[in-house]
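The following report describes the architecture of a single protein chain. Please consult the sequence and the model while reading.

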Amino acid sequence: MELVVDAGIGGGDRLDRYLAARLPDLSRARLQKLIEQGQVRVNGVPCTSKKAEVQGGDRLTVSIPPSEPMTLQAEAIPLNILFEDAHLIIVNKPVGLVVHPAPGHTTGTLVNALLAHCPDLAGIGGVQRPGIVHRLDKDTSGALAIAKTDQAHQRLQAQFKTKTARRTYLAVVYGAPKADAGTVDAPIGRHPVDRKKMAIVPEDRGGRRAVTHWQVVERLGNYTLMQFDLETGRTHQIRVHSAHLGHPVVGDPVYSGGKSVGVNLPGQALHAWKLRLYHPISEKEIEAIAPPPDSFATLLRVLRQRFV
């Protein structure tokens, strides 16, 4: 790609900042990496300083090399696909599937499955990998969007940041809330003692603002089917906020205190039911609805038989 710097607009600006403004489909971090690799030329000369100032009349050339293959192994793991095209894929993630490889989970993840399903990925950040836009806990099922290209990744990330992408969850919780609907506005941060857990933590102590809107869907005696709409997306947000309400999610091994419901659940009874976003290229609205897993349906059936 070739650009000519307009003296009245970009003269005196940093190279990386100018390119990020002119090439919005490439992230600033991606452009900085290209600069470091010598892939950006100023007036025909490679420039490896992201802080270099551009001047009016400068001719900039940006070369994007072929994406590097990912070192992870592609695995033929079945996927429940809710939507797919050349830019985006939305899957219904099952309970027990880890989204991204990490220490202890280098294989058998959603990313490994996507590498096999999408062998012709354009690449994210110069690497042939799927672009994970948001995440679900290992033991939470439901709709999850993944970008196939850098452009789609940037635009989808922006939607989650500006909250134009909306997520609705279903959960079975212990107890019966007195009200039929409400909002929890309580910051979440790392637990001060147990670093593997999250907790309600004041913002002046490192917590980040977290807002969850909830409403009762069905009352089932000492249990309740609830709908949660996320305004923010903090780690374990619904699980922490539900416990904060005094109604932890059934089957949650971390925040529910180990209470038994008499049904064998593979994870917590929390499901990302609906995902609404705008297509990163066409900008048409997409609503993906993920049917709850069999274990969730079985739990509801047992509770209805027991209490209704």
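The axes of helix 1 (residues 15–22) and helix 2 (residues 28–36) come within 9 Å of each other and cross at roughly 130 degrees. Axes here are lines fitted to C-alpha atoms, for helices over the stretch in contact, with angles running from 0 to 180 degrees between N-to-C directions. Helix 1 is therefore oblique to helix 2; angles under 35 degrees count as roughly parallel, over 145 as roughly antiparallel, 65 to 115 as roughly perpendicular and the rest as oblique. The crossing of helix 1 over helix 2 is right-handed, a term for a near helix turned clockwise from the far one by less than a right angle, with anticlockwise giving left-handed. On the side of helix 1, Leu15, Asp16, Arg17, Leu19 and Ala20 take part, and they meet Arg28, Leu31, Gln32 and Ile35 of helix 2. Contact means heavy atoms within 4.5 Å.

This is a predicted model, in which local features need pLDDT of at least 70 and side-chain atom pairs count only at pLDDT 80 or more, whereas totals for chains, interfaces and linings use all residues. Residues are numbered from 1 along each chain as its sequence is written, and side-chain values use heavy atoms, with hydrogens and water left out.

The protein chain has six helices and 18 strands. Helices (H or I, at least four residues) and strands (E, at least two) are DSSP runs, numbered from the N terminus. The C-alpha atoms fill a box of roughly 75 × 45 × 40 Å along the principal axes. Of the 308 residues, 45% count as buried; buried means under 20% relative accessible area, exposed over 50%, and partly exposed in between, with a 1.4 Å probe and protein chains only. Among contacts with a separation of 6 or more, 66% involve residues 24 or more positions apart.

Turning to the strands, four of them form an open sheet in the order 1-4-2-3, with antiparallel pairing. Its edge strands are strand 1 (2–4) and strand 3 (45–46), each of which pairs on one side only. Two strands pair if DSSP finds at least two bridges between them. Strand 2 (residues 40–42) and strand 3 are joined in the antiparallel sense by two bridges, and Val42 stands opposite Val45 of strand 3. Elsewhere, strand 6 (residues 81–84) and strand 7 (residues 88–93) pair in the antiparallel sense over three bridges. Phe83 has Ile90 in strand 7 as its bridge partner, and a hairpin of three residues links strand 6 to strand 7.

The accessibility of selected residues is as follows.

| Residue | Relative accessibility | Class |
|---|---|---|
| Cys47 | 15% | buried |
| Cys118 | 6% | buried |
| Lys163 | 42% | partly exposed |
| His236 | 17% | buried |

The structure holds zero disulfides, a disulfide being a pair of cysteine sulfur atoms within 2.5 Å.

Backbone geometry is the remaining topic. Most residues other than glycine have a negative phi. Lys163, although not a glycine, has a positive phi of about 70 degrees. Lys163 lies in the loop between helix 4 (150–162) and strand 11 (166–174). His236, also a residue other than glycine, has a positive phi near 60 degrees. The loop that holds His236 runs between strand 16 (223–230) and helix 5 (237–245).
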